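Keep the structure open as you read.

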Amino acid sequence: MSILLGPEGSKELLLGNEAVARGAIEAGVNVVTAYPGTPSTEIVESLAEVAENLGIYVEWSANEKVAFEVAFAASISGLRSLTAMKHVGLNVAADIFMSTGYSGVVGGFVIVSADDPNCHSSQNEQDNRFYGLHGYVPVYEPSSPGEAKNLTRYLFEVSEKFHSPVLLRLTTRISHTRGVVEYGPVNRLKRKASFHKDKRRWVLLPVNARRLKREALQRMKKLQNFHENFPFNREWGEGELGIIASGVAYAHAVEAVGNLKVPVRFLKLSSVYPLPVKTIESFLNKVRQVLVVEEGDSFIENFVKALAPKDIPVHGKDLLPPYGELDTITVENAIRKLLRMKPKEPKKPVTVEEVPPRSPLLCPGCPHRATFYAVKMALRGKNVIYTGDIGCYTLGYNPPFEVIDTTLCMGASLGLASGLGKTVDDLIVAFIGDSTFFHTGLPALANIVYQQSPILTIVLDNSITAMTGFQPHPGTGFNAYWKPAKKISIEEVAKGLGVEYVKTLDPYDVKTFLREIRVAAEWVQKNKKPALIVAKRECALYALARLRRRKVKITTFQVDKDKCIKCMICVDYFACPAIFVKDGIPWIDPLLCTGCGVCERICPVNAISKAGKGVALYEI
Ligand SMILES: Cc1ncc(C[n+]2csc(CCOP(=O)(O)OP(=O)(O)O)c2C)c(N)n1
């Protein structure tokens with residue numbers, strides 16, 4: 001049974017993300033949507049496991065904007081809904097997000113943004129609390145998994161009480177920390193969706209939008225008053241030093257003060273926008289100086305500075321790093337500085353000092369490696385600009401491939417290629433994954449075709465969203481419950497959009513692939529038109545898991561020392577992590593080899609062959 005289905009009163013050790021999922025279940029959520037993205041993915045992943053059982057509709061949507069719209073549609077039909085995304089996902093959904101701050105909602109609507117300070121798995125550290133300020137949407141932050149559960153449940157009520165979408169901001173250390181969560185009762189809401197036509201609200205023509213903005217501003221005023229007594233905010237402690245903190249930073253601050261054993265007055269804020277002004281003003285009257293501890297930018301700090309009397313100094317990012325994540329020692333040292341105490345030596349980070357540096361690698365058997373190898377070989381000597389995208393294939397950035405010249409945000413490989421194809425003379429090759437293709441590749445491909453930009457697009461179709469841990473997408477033929485769904489063909493989509501040259505090739509068949517890349521590149525340059533190749537081969541890890549379940553025996557590969565001429569192509573150019581050099585000769589580690597067999601195919605003297613009787617992945 002799923003950990004999320006425990007009875008009322010039970011206690012479980014949950015990830016912050018799972019706690020959000022449980023909170024939504026307790027609130028009686030009806031519809032949950034998301035596009036995967038670290039650190040938010042487990043919210044929907046865990047909910048999808050129990051959804052059918054509980055009568056909740058869950059979907060992995062094509063992208064965050066669509067996910068948002070699907071959940072919002074449920075809300076304006078009176079249902080409770082939640083949509084979850086990583087911080088940059090909200091950029092994709094920003095257009096609809098901004099409009100919902102005006103229109104408001106009907107059923108409780110919770111938007112979860114999981115921010116990623118320190119860019120553990122993201123291209124930036126953006127602090128999405130500013131979206132609330134920007135879009136007239138209240139923002140909340142939990143400081144532990146337990147609070148994440150209770151706050152999520154409560155926010156559905158807040159959303160309904162104020163007819164407002166609400167933004168629940170998590171950060172990596174809340175999403176991915178485990179904590180004890182006490183289960184409350186599950187509210188089994190038996191709501192029936194019913195959309196009441198109300199053009200004055202749901203049609204944002206200027207005449208309505210002007211009025212709705214005024215209503216949104218009034219709503220924010222009411223929310224500000226409501227936040228003065230918000231049940232998750234807490235003032236406690238005694239002392240001349242005041243600490244105002246939110247999110248996981250509050251937990252660090254409490255721990256730091258515990259270590260220091262100094263008197264401190266705390267104001268823990270869970271409702272971070274609109275801030276409870278009177279509460280903060282009254283807090284400022286009780287202390288001599290203030291430290292604001294928050295993860296991200298100076299969001300609360302700037303408000304507090306504006307509210308503080310002249311004689312109360314407000315500190316924050318002057319003493320704490322304005323980037324990355326906080327930790328207890330960093331917060332403790334900021335407090336020490338304020339109290340004129342000697343700073344504490346920060347702990348040596350184990351990762352830097354003791355673990356040898358390793359760059360992330362494509363897995364053994366990864367079809368992207370075969371694609372990059374073939375493309376690099378095929379286009380040797382040509383001036384090529386490779387636009388890249390976000391996914392496992394971003395690792396083509398690393399040597400020996402170095403076939404990623406740009407990676408900025410999802411879908412940008414095709415958008416940038418479209419522009420470069422119109423401006424520079426080099427051959428432009430755009431790499432995009434299958435999930436990314438459906439996420440934001442489609443409009444850019446339409447543009448490439450419309451502008452007839454001479455681009456060779458290579459869709460790295462490994463039949464899954466691999467980077468975020470194997471979620472289905474519109475091209476996989478499965479839905480969030482792993483049941484069969486309508487499968488959309490990338491090739492047919494490309495042809496439908498007007499790409500004249502579309503081919504599907506298996507990157508494991510390296511020789512054909514290499515030859516066909518050359519042919520396609522020449523076709524693009526000669527005809528000055530776009531071409532698209534689908535490099536189709538299932539993710540090796542995903543394929544192996546499936547084949548193991550079917551008890552298919554996969555062989556590993558080995559090097560025949562007598563035949564090997566030590567050309568090192570398999571080591572230096574193919575760079576599979578399963579191939580090492582032992583006594584001057586390549587050697588394949590049977591524990592790492594996934595049996596893809598591509599090394600056998602690239603060896604110029606046939607020195608690599610099957611080590612056992614099983615099948616190679618290339619035979620499947
Ligand atoms: C706007 C946005 N949403 C989500 C993500 C998280 N994310 C990064 S890559 C990726 C998809 C990768 O799948 P695919 O394109 O199929 O490539 P693969 O990893 O399978 O090679 C996702 C969901 C992101 N970086 N940005």
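How far is an oxygen atom of the ligand from an N or O atom in the side chain of Thr436? The distance is 2.5 Å.

| Residue | Atom of the residue | Distance to a ligand oxygen atom |
|---|---|---|
| Cys392 | backbone N or O | 2.9 Å |
| Ile464 | backbone N or O | 3.2 Å |

The protein buries 98% of the 580 Å² that the ligand exposes when taken alone; such areas come from the Shrake-Rupley method with a 1.4 Å probe.

Before going on, a word on the model: it is predicted, local features need pLDDT of at least 70, side-chain atom pairs count only at pLDDT 80 or more, and totals for chains, interfaces and linings use all residues. Residues are numbered from 1 along each chain as its sequence is written, and side-chain values use heavy atoms, without hydrogens and water.

Now for the surroundings. There are 25 residues around the ligand, and Glu64, His368, Cys392, Asp434 and Thr436 come nearest; a residue counts as near if one of its heavy atoms lies within 4 Å. This shell divides into 11 nonpolar, 11 polar and three charged residues, with Gly counted as polar and Cys as nonpolar. Helix α18 gives the most to the shell, four residues; helices are DSSP runs (H or I) of at least four residues. Domain 1 (3-227) and domain 3 (367-547) each supply at least three residues, with bounds from an automatic or database domain assignment.

Key:
Polar contact = N/O pair within 3.5 Å; in protein donor to acceptor, adjacent residues only side chain to side chain. Helix = DSSP H or I, 4+ residues; strand = E, 2+ residues; numbered from the N terminus.
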